[in-house]
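Please look over the notes below with the model open beside you. Each point takes up one place in the fold.

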Amino acid sequence: MDFASIPPLTLPKPGDRLEQLSTPLPVIDEDRLAANIARAQSYMDSHGIAFRPHIKTHKIPALAKAQVEAGAKGINCQKITEAEVFAAAGFDDILITFNILGEDKLARLAALNERIAGLKVVADSIVTVTGLAAFFTGRKPLTVLVECDTGGGRCGVQSPDEAAALARSIVASKSLTFGGLMTYPKAHTEAAVDHFFLAAMAYLAVDGIDCPIRSNGGTPSLFSAHLVPNATEHRAGTYIYNDRAMVRAGHCGLDDCAMHILATVVSRPTPDRAVLDAGSKALTSDLLGLADFGHIVEYPDARITSLSEEHGTVDLSHVEGPRPEIGERLRIIPNHTCVVSNLFDTMTFHRAGVVTRVEEVAARGLVW
């Protein structure tokens with residue numbers, strides 16, 4: 001076989017129209033993207049809350065730059081390797097919201113701490129704090145926030161007095177600097193978050209310990225962030241694209257979703273069933289409490305009922321009138337955009353169906 005005669009894969013490029021592009025493919029509407037950034041930042045500015053977007057949703061330095069240029073104070077990462085990518089792109093104020101353990105990770109963290117001025121991490125146990133304190137002895141001090149479980153049921157100390165006790169251990173270490181408190185709460189539990197912060201700050205005040213940062217988070221709670229007056233900043237990620245879960249939460253409408261997955265109907269085995277070329281490797285298998293795997297814009301009554309790796313099975317039994325035919329291209333709003341970003345090497349951006357740019361998803365798939 002003459003492999004030289006095989007046509008090269010055609011990749012999206014500026015000026016292409018979406019209908020020309022091979023599927024499955026995530027595409028981002030530039031105007032919706034810009035509106036989502038502006039809407040969130042305007043809200044934060046109007047309430048005097050510092051905004052720290054989480055880059056896990058997009059993993060693209062150019063988008064984080066747009067968020068900072070709109071007024072965000074810095075960024076939130078979940079991995080050291082993500083933070084390294086963004087530090088290399090010029091970002092200086094980075095919070096990593098993850099307990100960091102192990103000498104290999106700590107070595108990378110120390111190197112990153114030397115490179116940028118505004119690196120911060122979190123800890124929720126004396127084990128993590130002790131490890132950080134020992135490794136950073138003799139190095140540039142590291143800023144550490146205490147992670148608090150204010151009802152989200154994931155990581156975090158369980159009470160305000162525990163938060164204060166862990167803060168004291170950070171203050172006692174010459175190699176660490178106490179940065180404040182951080183939480184990722186259950187959505188719409190603002191009163192509980194504020195009570196926790198206020199109580200922890202009162203314990204700290206007894207010992208004369210300043211608590212400069214009180215970091216709250218979550219896109220579903222983004223537009224009620226002002227109901228936590230003792231928080232100094234809010235973190236959110238999904239808002240930049242929005243997705244079906246955010247629509248269900250009342251955070252936005254379908255027309256605010258900037259990401260669509262372009263897919264093609266590749267089979268119509270029965271009148272009530274269609275099969276797409278988008279499976280779990282394009283749409284994600286995340287349900288997030290929803291009953292199916294994405295919203296088909298052109299056929300809102302159709303349901304993507306199951307995914308295999310490369311196939312999406314669609315139930316058409318509730319679709320009245322015309323139904324999709326083989327070869328028809330569809331737009332799907334995914335349940336969870338953050339996972340989609342980690343499934344593709346690039347994101348294709350467009351305006352009114354014309355490709356404007358293609359950005360590498362620079363921080364995708366990175367190990368710790």
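1. Start with the buried face of helix 1. Its buried residues are Glu 30, Leu 33, Asn 36, Ile 37, Ala 40, Gln 41, Tyr 43 and Met 44. Buried means under 20% relative accessible area, exposed means over 50%, and partly exposed lies in between (1.4 Å probe, protein chains only). An α-helix has 3.6 residues a turn, so residues three or four places apart point the same way. Helices (H or I, at least four residues) and strands (E, at least two) are DSSP runs, numbered from the N terminus.

2. A word on the source. This is a predicted model, in which local features need pLDDT of at least 70 and side-chain atom pairs count only at pLDDT 80 or more, while totals for chains, interfaces and linings use all residues. Residues are numbered from 1 along each chain as its sequence is written, and side-chain values use heavy atoms, with hydrogens and water left out.

3. What do the buried residues of helix 1 pack against? Their partners include strand 1 (25-29), strand 2 (50-53) and helix 2 (61-70). Strand 9 (233-236), strand 16 (346-351) and strand 17 (354-360) are also among them. Contact means heavy atoms within 4.5 Å.

4. Now the length and ends of helix 1. This helix covers residues 30-46, which is 17 residues. From first C-alpha to last it reaches 24 Å, close to the 24 Å expected at 1.5 Å a residue. The expected span is 1.5 Å times one less than the number of residues. At the start, a side-chain oxygen of Asp 29 comes to within 2.9 Å of the backbone nitrogen of Asp 31. Just after the helix, Gly 48 has a positive phi of about 65°.

5. Next, a helix pair. The axes of helix 6 (residues 160-172) and helix 7 (residues 190-206) come within 8 Å and cross at roughly 45°. That makes helix 6 oblique to helix 7. Axes are lines fitted to C-alpha atoms, for helices over the stretch in contact, and angles run from 0 to 180 degrees between N-to-C directions. Angles under 35 degrees count as roughly parallel, over 145 as roughly antiparallel, 65 to 115 as roughly perpendicular, and the rest as oblique. The crossing of helix 6 and helix 7 is right-handed. A crossing is right-handed if the near helix is turned clockwise from the far one by less than a right angle, and left-handed if anticlockwise. Helix 6 brings Pro 160, Asp 161, Ala 163, Ala 164, Ala 167 and Arg 168 to the meeting. Helix 7 brings Phe 196, Ala 199, Ala 200, Tyr 203 and Leu 204.

6. Compare a second pair. Helix 3 (residues 80-88) and helix 4 (residues 103-115) pack at about 20°, with axes 10 Å apart. That makes helix 3 roughly parallel to helix 4. Their crossing is left-handed. Residues of helix 3 that meet helix 4 include Ile 80, Ala 83 and Ala 87. Among those they meet in helix 4 are Leu 109 and Leu 112.

7. Look at the loop between strand 6 (142-148) and helix 6, where Val 157 is found. Is Val 157 buried or exposed? At 5% relative accessibility, Val 157 counts as buried. Leaving out residues up to four places away in sequence, Val 157 touches Asp 124, Glu 162, Leu 166 and Phe 196, among others. Val 157 and Glu 147 are ten residues apart in sequence, and their C-alpha atoms are 6.4 Å apart.

8. Thr 150 is also in the loop between strand 6 and helix 6. It counts as buried, at 10% relative accessibility. Its side chain makes a polar contact with the side chain of Thr 183, at 2.8 Å. A polar contact is a pair of N or O atoms within 3.5 Å; within protein, one must be able to donate a hydrogen and the other to accept it, and residues adjacent in sequence count only if both atoms are side-chain atoms.

9. Check the backbone too. The peptide bond from Thr 23 to Pro 24 is cis, with omega near 0°. Lys 59 is not a glycine, yet has a positive phi of about 60°. Lys 59 counts as buried, at 7% relative accessibility. His 188 also has a positive phi, near 60°. His 188 is partly exposed, with a relative accessible area of 48%.
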